[in-house]
Amino acid sequence: AATLETVAVLAGAHEAGVAAVAFAVPSGAADAGSAGAILCSLGLDPYHTLAVWDWQRGERIAQARAHTAAVFALAACIDP
């Protein structure tokens with residue numbers, strides 16, 4: 001049941017805001033409902049920094065500059 005309760009606050013990766021987020025869906029998963037604890041976020045900074053999170057633990061796993069072109073969407077898939 002949806003409660004609209006805050007379950008995690010992920011801080012420290014994006015100073016200018018967040019352009020897009022996506023839960024990483026394991027390769028071969030039937031739908032996003034089988035996604036794990038990995039969340040990807042893309043920043044509004046000039047390099048559209050990509051951050052990968054274990055959102056349930058509130059830990060940033062990785063971070064890298066993406067590119068300088070405009071970004072309008074984000075999708076993620078992981079290979080187990």
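Where is the place of H48? H48 lies in the loop between strand 3 (38–43) and strand 4 (50–54); strands here are DSSP runs (E, at least two residues), numbered from the N terminus. These views come from a predicted model in which local features need pLDDT of at least 70 and side-chain atom pairs count only at pLDDT 80 or more, while totals for chains, interfaces and linings use all residues. Residues are numbered from 1 along each chain as its sequence is written, and side-chain values use heavy atoms, with hydrogens and water left out.

View A. With a relative accessible area of 10%, H48 is buried (under 20% relative accessible area, 1.4 Å probe, protein chains only). The side chain of H48 comes to 3.2 Å from the backbone oxygen of G43. Look also for A66: its C-alpha atom is 5.5 Å from that of H48, although 18 residues separate the two along the chain.

**View B. Strand 3 and its partners.** Strand 3 pairs antiparallel with strand 1 through five bridges, and five bridges also join strand 3 to strand 4, again antiparallel (pairing takes at least two DSSP bridges). C40 is a handy landmark: A22 stands opposite C40, and C40 stands opposite V52 in strand 4. Five of the six residues of strand 3 are buried, so this strand is largely enclosed by the rest of the structure.

**View C. H14 and S41.** H14 sits in the segment before strand 1 (18–23). Beyond its neighbours within four places in sequence, H14 is in contact with residues including L42, T49 and A51 (contact means heavy atoms within 4.5 Å).

Terms used: Helices (H or I, at least four residues) and strands (E, at least two) are DSSP runs, numbered from the N terminus. Buried means under 20% relative accessible area, exposed over 50%, partly exposed in between (1.4 Å probe, protein chains only). A polar contact is a pair of N or O atoms within 3.5 Å; within protein, one must be able to donate a hydrogen and the other to accept it, and residues adjacent in sequence count only if both atoms are side-chain atoms.
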